[in-house]
Amino acid sequence: MYHRRDILRHLSFGTGAVLLHPLLNQVRAQAAGQPAPPRFVFILEGNGLPWQQITPAAIQRSNQQEQRTETVDLSLEAMELPQSLQPVAAFKKKMTIVNGLSGRVAGGGHSNDFGALGIFNAGGVANGSGNPAGETVDVALGKHLGGIHPHIGLGMIENPSQAVVYNCSAWDKGKPMPTICDPDAAYRNLFGVVAEGNASKRFRAQVNVLDFLRDDLFQLQKEVAGPEQEKLESHLGAYEAMRDRQSRLNEIKHTLREHAPVVHDKYSSKVETDRLDAQFDIAAAALSGGLTNVVTIASGVGSPYFGVTFTGLGIHYDKHGIGHMGSYNGWSWDEMAVMIRGFHFELIARLLNKLATIPEGNGTMLDNTTVIYMSDAAEAHHSRCFEWPILMIGDAGGRLRAGRYVEYPYWGNKGHRELGSLFATLLHVVGDARLFFGMRDPMLAANARSDGPLPELMADRR
């Protein structure tokens, strides 16, 4: 009798072979007891992130920024999270809120474009997102982790007819990576491009990836058992979620549909919230199916895309106007900003809950996944990048500390740290021991500069 690991080693498939290959490799790895790789999901939202919207009220910060001279490292356990973060409150033990990091070299303004993830000045102007001066951290992580797609960029902008933009991720200097903004194109490119010849035509003629893979999946399900079978079924659940292409916005409490038409297919919807919702579905399937270990989801990110309007939330007022402290329908600018941010965190919570259902090793895929939420415009609509608030959920398989509030001294004070140090911390998790990521701030004096990973975030307290 063959051991199931031997069966898995020699198993082959037909038309879905390439698409099922990474999924099969994950099942094989679990059968062999190999550790799962860390995974990263970057969520970028345009128009700035005021630190107050992700900071517990229990944290008292001085209004005199220059007086912030101490490093703060506190447990989040007993703290009430702000309204924006209530959708992810169940993940507080996996959460890390980081304030005080700077990224002055990126430039500031409405958007730092590629500089947000690259820590350099991309030179963006009003009608374009500039040029990357080097690789961005999401792509750098993907290069180390590998996969059919080292990095996948998904996004949402106001214009539903523009399928691809180049706004925040880069492979290297002068080599921007695409952000696919059309969910239907993303679906077919990611799950259909791996099919060839007649198989490709058959995939494109079908809406559901499960239909395309039916025969091969039936064979695989007969050959695996125990924990491998359980994981396979969980992965298939992620594909199954894309079978129902109906908008699920009615399940999201912040969504108001009184003026919007009924959406029958959120993948081709013109409503911004529908399309962002669909992109989170695609991200979950790409991660769970092993197509990638790094996904970036960009919501209204980069120049000139920061003026997106969230009509699906009943807010018929663009984010540019909100950033200029405008009001609409009795809502103040900050109330609308919190509503929009809360919608993003509902989508993040759904993604995390999906990953929590997929067995991996002695836990789930959630245990090995870290979500990094930030804005491409740092701390404000017209940012100056003296501070770049960050929220992380996940501990990269125990490699990072979590359940913490960490705040660094203000720019220029002793002990201050830059965003490039946080990105270096993430790279240390995957074995890249560079001391800093991106460009250092030349205006910082020696006592306000430090290389290497942030010790407050490392599980081994380096």
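Methionine 156 stands opposite serine 299 in strand E9. In this predicted model, E9 covers residues 294-299, and its pairing with strand E4 (residues 152-156) is parallel, with five bridges. Strand E1 (residues 39-45) also runs parallel to E9, and six bridges join the two. In that pairing, phenylalanine 40 is found opposite valine 294.

E9 is mostly covered, with six of its six residues buried. The cover applies to both faces: Val294, Thr296 and Ala298 are buried on one side, and Val295, Ile297 and Ser299 are buried on the other.

## The chain as a whole

The protein chain has 462 residues, of which 60% count as buried. Its secondary structure consists of twelve helices and 14 strands. Of the contacts between residues at least 6 apart in sequence, 73% join residues at least 24 apart. The accessible surface is about 17,900 Å², and carbon and sulfur atoms account for 50% of that area.

## Confidence

Mean pLDDT for the protein chain is 84, and 77% of the residues reach 70 or more. Residues 1-5 stay under 50, and the model gives them seven contacts beyond four places in sequence. Where pLDDT is low, the predicted coordinates should not be read in detail.

## Aromatic pairs

The structure holds eight aromatic pairs. One of them joins phenylalanine 310 and phenylalanine 343; the ring centres are 6.5 Å apart and the planes lie at 65°, so this pair is edge-to-face. The pair links distant parts of the chain: phenylalanine 310 is in the loop between E9 and helix H10 (319-323), and phenylalanine 343, 33 residues away, is in helix H11 (residues 333-356). Both phenylalanine 310 and phenylalanine 343 are buried.

Phenylalanine 386 and tryptophan 411 also form an edge-to-face pair, at 5.2 Å centre to centre and 80° between the planes. Here two loops are linked, with the partners 25 residues apart: phenylalanine 386 is between strand E12 (369-375) and strand E13 (390-393), while tryptophan 411 is between strand E14 (404-407) and helix H12 (419-429). Phenylalanine 386 has a relative accessibility of 13% and so counts as buried. Tryptophan 411, at 23%, counts as partly exposed. Elsewhere, Tyr317, Tyr328 and Trp331 form one aromatic cluster.

## Cysteines

The count of disulfides is zero. For cysteine 181, the closest cysteine sulfur is that of cysteine 168, at 9.0 Å, which is too far for a bond; the cut-off for a disulfide is 2.5 Å between the sulfur atoms. Cysteine 181 is buried, because its relative accessibility is 2%. Cysteine 385 is buried as well, with a relative accessible area of 0%.

## Lysine 173

Lysine 173 lies in the loop between strand E6 (170-172) and strand E7 (175-176). Its relative accessible area is 62%, so lysine 173 counts as exposed. With neighbours within four places in sequence left aside, lysine 173 is in contact with Pro132, Ala133, Gly134 and Glu135. The C-alpha atoms of lysine 173 and glycine 134 are separated by 3.8 Å, although the two residues are 39 residues apart along the chain.

Note on methods: Residues numbered from 1 in each chain as written. Predicted model: local features only at pLDDT ≥ 70, side-chain atom pairs only at ≥ 80, totals over all residues. Heavy atoms only, no water. Buried < 20%, exposed > 50% of the residue type's maximum accessible area, 1.4 Å probe, protein only. Helix = DSSP H or I, 4+ residues; strand = E, 2+ residues; numbered from the N terminus. Pairing = 2+ DSSP bridges. Contact = heavy atoms within 4.5 Å. pLDDT = per-residue confidence, 0-100. Areas by Shrake-Rupley, 256 points an atom, 1.4 Å probe, with all protein chains shown as cover. Phe/Tyr/Trp six-rings, centres within 6.5 Å; stacked < 30°, edge-to-face > 60°.
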